[in-house]
Amino acid sequence: MSEHKATPGADARLIDARGPRFGAAVTSVLLLVVILLGLTRPLSGSVLERLTEPGALLLTVLVALFAWGAFAGVQRHPYGLVFRAVVAPRLGPPAEREDPAPPTFAQLVGLFVTATGLALHLAGVPGALVVAAAAAFVAAFLNAAFAYCLGCQSYVLLVRAGLVRRRPAA
């Protein structure tokens, strides 16, 4: 059991560990679409033309969703709300619950990666959109498929190193 996991029922502030995995699955699919759209369109045109490309528009939506998760917390993220309202009632009780701080930090990492790729794309850097979406896809897919959250693991390492202060579960 990693540092950010807890036993079932240990604390009401903890979240169902399946919620972030559900969000990562949805994010993986959307990032895969961004990659495919980015590969089918050569970089050209003005900043406004690059911003209105389908891949850039979808990545802009994902940047906003990562920002929502990073600043409002995974408990208030749209994917988390959908998971709790639609998916969780159809599943059995969670086998494990976790502190929301590591997945929230992972949203911040996703925000940084995708926003950087989008900004570089808008600045005219070839391949930036696809590379950023691919990097975020790998992280989201690892979480969705194997319950291995790179951002969460980074959070734990940064807390251990004293570079990030552990936030209590909200």
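This is a predicted model: local features need pLDDT of at least 70, side-chain atom pairs count only at pLDDT 80 or more; totals for chains, interfaces and linings use all residues.
Local features were taken only where pLDDT is at least 70 and side-chain atom pairs only at pLDDT 80 or more, whereas totals for chains, interfaces and linings use all residues. Residues are numbered from 1 along each chain as its sequence is written, and side-chain values use heavy atoms, with hydrogens and water left out.

Two helix pairs are considered to begin with, where helices (H or I, at least four residues) and strands (E, at least two) are DSSP runs numbered from the N terminus. Helix 1, which covers residues 18-40, packs against helix 3, residues 54-72, at an angle of about 150°, and their axes are 8 Å apart. Here axes are lines fitted to C-alpha atoms, for helices over the stretch in contact, and angles between N-to-C directions run from 0 to 180 degrees. Helix 1 is therefore roughly antiparallel to helix 3, given that angles over 145 degrees count as roughly antiparallel, those under 35 as roughly parallel, those from 65 to 115 as roughly perpendicular and the rest as oblique. The crossing of these two helices is left-handed, a term used if the near helix is turned anticlockwise from the far one by less than a right angle, with right-handed used if it is turned clockwise. In terms of contact (heavy atoms within 4.5 Å), T27, L30, L31, V33, V34 and L37 of helix 1 meet P54, G55, L58, L59, L62 and F66 of helix 3. Sorted by class, this contact of helix 1 with helix 3 holds ten nonpolar, two polar and no charged residues, where Ala, Val, Leu, Ile, Met, Phe, Trp, Tyr, Cys and Pro count as nonpolar, Asp, Glu, Lys and Arg as charged, and the others, Gly among them, as polar.

For the second pair, the axes of helix 5 and helix 6 come within 7 Å and cross at roughly 170°, which means that helix 5 is roughly antiparallel to helix 6. From helix 5, the residues V113, T114, G117, L118, L120 and H121 meet A128, L129, A132, A135 and A136 in helix 6. By class, the contact of helix 5 with helix 6 has eight nonpolar, three polar and no charged residues.

Two further residues of helix 5 were examined. Q107 is found in helix 5 and is buried, its relative accessible area being 16%, where buried means under 20%, exposed over 50% and partly exposed in between (1.4 Å probe, protein chains only). Not counting residues up to four places away in sequence, Q107 touches L65, F66, G69, A70, V74 and H77. A119 is also placed in helix 5, which spans residues 101-122, but A119 counts as partly exposed at 45% relative accessibility. Between A119 and P93 there are 26 residues in sequence and 41 Å in space, C-alpha to C-alpha.

A search of the whole structure finds two salt bridges, each defined as a side-chain nitrogen of Lys or Arg within 4 Å of a carboxyl oxygen of Asp or Glu. In one of them, R18 pairs with D16, and the closest N and O atoms are 2.8 Å apart; R18 counts as partly exposed at 26% relative accessibility, whereas D16 counts as buried at 13%. The other salt bridge joins D99 to R166, with the closest N and O atoms 3.8 Å apart. D99 lies in the loop between strand 3 (97-98) and helix 5, and R166 in the segment after helix 7 (150-160), so the pair ties together parts that are 67 residues apart in sequence. D99 is buried at 9% relative accessible area, while R166 is partly exposed at 34%.

A17 lies in the loop between strand 2 (15-16) and helix 1 and is buried, with a relative accessible area of 9%. A17 and A101 are 84 residues apart in sequence and 12 Å apart in space, C-alpha to C-alpha. P89 is found in the loop between helix 4 (78-87) and strand 3, and at a relative accessible area of 53% P89 is exposed. Leaving aside residues up to four places away in sequence, P89 touches F83 and R84. Most residues other than glycine have a negative phi. A147, however, has a positive phi of about 55° although it is not a glycine, and A147 is located in the loop between helix 6 (128-146) and helix 7.
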